[in-house]
Amino acid sequence: MPLQALIFDVDGTLADTERDGHLVAFNLAFSDVGLSFSWDSDTYGELLRISGGKERLRHYLGVHRPELAEDDVDALVVDTHRRKTQHYVRLVTEGGIGLRPGVERLLREARDEGLRLAIATTTTHANVEALLSATLGPPSIDWFEVIAAGDDVPAKKPAPDVFRLALEVLGLAPGACLAFEDSENGLRAALAAELPTVVTPCAYTRGQCFDGAALVVDDLVAGGVDIAMARRVWRRATRG
Ligand code: XBP
Ligand code: MG
């Protein structure tokens with residue numbers, strides 16, 4: 001069975017979106033709704049262990065601002081996250097975030113060779129579409145046969161749900177695919193879906209445990225990961 005598809009995580013993998021995108025957007029949203037705190041980079045780095053912006057904020061309020069978590073905390077979380085997503089889409093659309101090294105080359109080489117593309121992410125469809133449009137142009141959204149996003153599935157990473165949804169829509173077995181991730185949570189999700197996985201850690205995830213990855217490189221350029229290398233890594237991982 002040949003390699004047939006590449007499945008990409010988004011945040012930290014396609015682009016380094018967390019510090020200059022999501023974190024900035026969260027703090028702007030906290031100000032919008034009158035929350036008296038903001039997150040610094042180190043705090044956010046710790047909170048990133050929790051997948052999902054809504055789940056991350058709900059955890060923070062419950063642990064660090066229990067007085068705010070008493071009333072209708074769900075309504076506060078949903079409203080704050082909605083505003084955060086609006087800020088994030090604006091920041092990305094303004095061109096604040098670029099793709100990581102080698103990502104565009106690999107996507108274009110994969111397309112040229114007829115490989116199918118998919119996304120499996122924890123973030124929202126709005127955030128993914130804004131990032132793709134701003135970095136590769138609006139038509140690039142259609143390069144991906146499926147964009148499986150966090151709220152499309154019952155459980156977020158490290159659960160395998162979003163990768164399994166991508167495989168289901170592709171109609172492919174995991175052994176016909178190669179996944180790309182940046183974090184321990186993401187790698188665990190991909191491995192739980194039995195996907196061979198390349199890891200390109202980002203600033204927040206460097207030093208996490210990537211046991212089981214087919215390859216770990218600083219980034220796709222540093223690691224020489226073009227489509228030919230991706231095929232070699234897949235072949236070695238699957239004996240395909
Ligand atoms: C990383 C995440 C997301 C983002 C924030 O997603 O855990 O929650 O941090 O996005 P990925 P939302 O799986 O792409 O690495 O606030 O939209 O959740
Ligand atoms: Mg990620």
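Pro-158 lies in the loop between strand S3 (144-148) and helix H7 (161-170); helices (H or I, at least four residues) and strands (E, at least two) are DSSP runs, numbered from the N terminus. The peptide bond from Lys-157 to Pro-158 is cis, and its omega is near 15°. Most peptide bonds are trans, and most residues other than glycine have a negative phi.

The model is predicted: local features need pLDDT of at least 70, side-chain atom pairs count only at pLDDT 80 or more, and totals for chains, interfaces and linings use all residues. Residues are numbered from 1 along each chain as its sequence is written, chains are lettered from A and ligands numbered from 1 in the order in which they are written, and side-chain values use heavy atoms, leaving out hydrogens and water.

Glu-194 sits in the loop between H8 and strand S5 (197-199). Its phi is positive, about 65°, although Glu-194 is not a glycine. Glu-194 counts as exposed because its relative accessibility is 63%; exposed means over 50% relative accessible area, buried under 20%, and partly exposed in between (1.4 Å probe, protein chains only). Ser-36 is found in the loop between H1 and helix H2 (41-47). With a relative accessible area of 72%, Ser-36 is exposed. Ser-36 and Lys-54 are 18 residues apart in sequence, and their C-alpha atoms are 18 Å apart in space. Ser-140 is placed in the loop between H6 and S3. Ser-140 is buried, at a relative accessible area of 1%. Apart from neighbours within four places in sequence, Ser-140 is in contact (heavy atoms within 4.5 Å) with Leu-132 and Ser-133.

The magnesium ion (ligand 2) is coordinated by Asp-9 (OD), Asp-11 (O) and Asp-182 (OD), at 2.0 to 2.2 Å. Donors are N, O and S atoms within 2.8 Å of the metal (3.2 Å for Na, K and Ca), and sites may look incomplete since water is not among the atoms. The donor residues follow the spacing D-x1-D-x170-D in sequence. Asp-9 lies in the loop between strand S1 (5-8) and H1, and Asp-182 in the loop between strand S4 (177-181) and helix H8 (184-192), so the pair ties together parts that are 173 residues apart in sequence. Both Asp-9 and Asp-182 are buried.

Helix H4 (residues 73-93) has 21 residues. From first C-alpha to last, H4 reaches 30 Å, close to the expected 30 Å, which is 1.5 Å times one less than the number of residues. Its buried residues include Val-73, Val-77, His-87 and Leu-91. The buried residues of H4 pack against helix H1 (18-32), helix H3 (53-64) and helix H6 (125-136). Just after H4, Gly-95 takes a positive phi of about 90°.

Two packed helices are described by the angle and the distance between their axes. Axes are lines fitted to C-alpha atoms, for helices over the stretch in contact, and angles run from 0 to 180 degrees between N-to-C directions. The axes of H1 and H4 come within 8 Å and cross at roughly 130°. H1 is therefore oblique to H4; angles under 35 degrees count as roughly parallel, over 145 as roughly antiparallel, 65 to 115 as roughly perpendicular and the rest as oblique. Residues in this contact include His-22, Ala-25 and Phe-26 of H1, and His-81, Lys-84 and Tyr-88 of H4. The axes of H4 and H6 come within 9 Å and cross at roughly 5°. H4 is therefore roughly parallel to H6. Among the residues in contact are Thr-85, Tyr-88 and Val-92 of H4, and Ala-126, Ala-130 and Ala-134 of H6.
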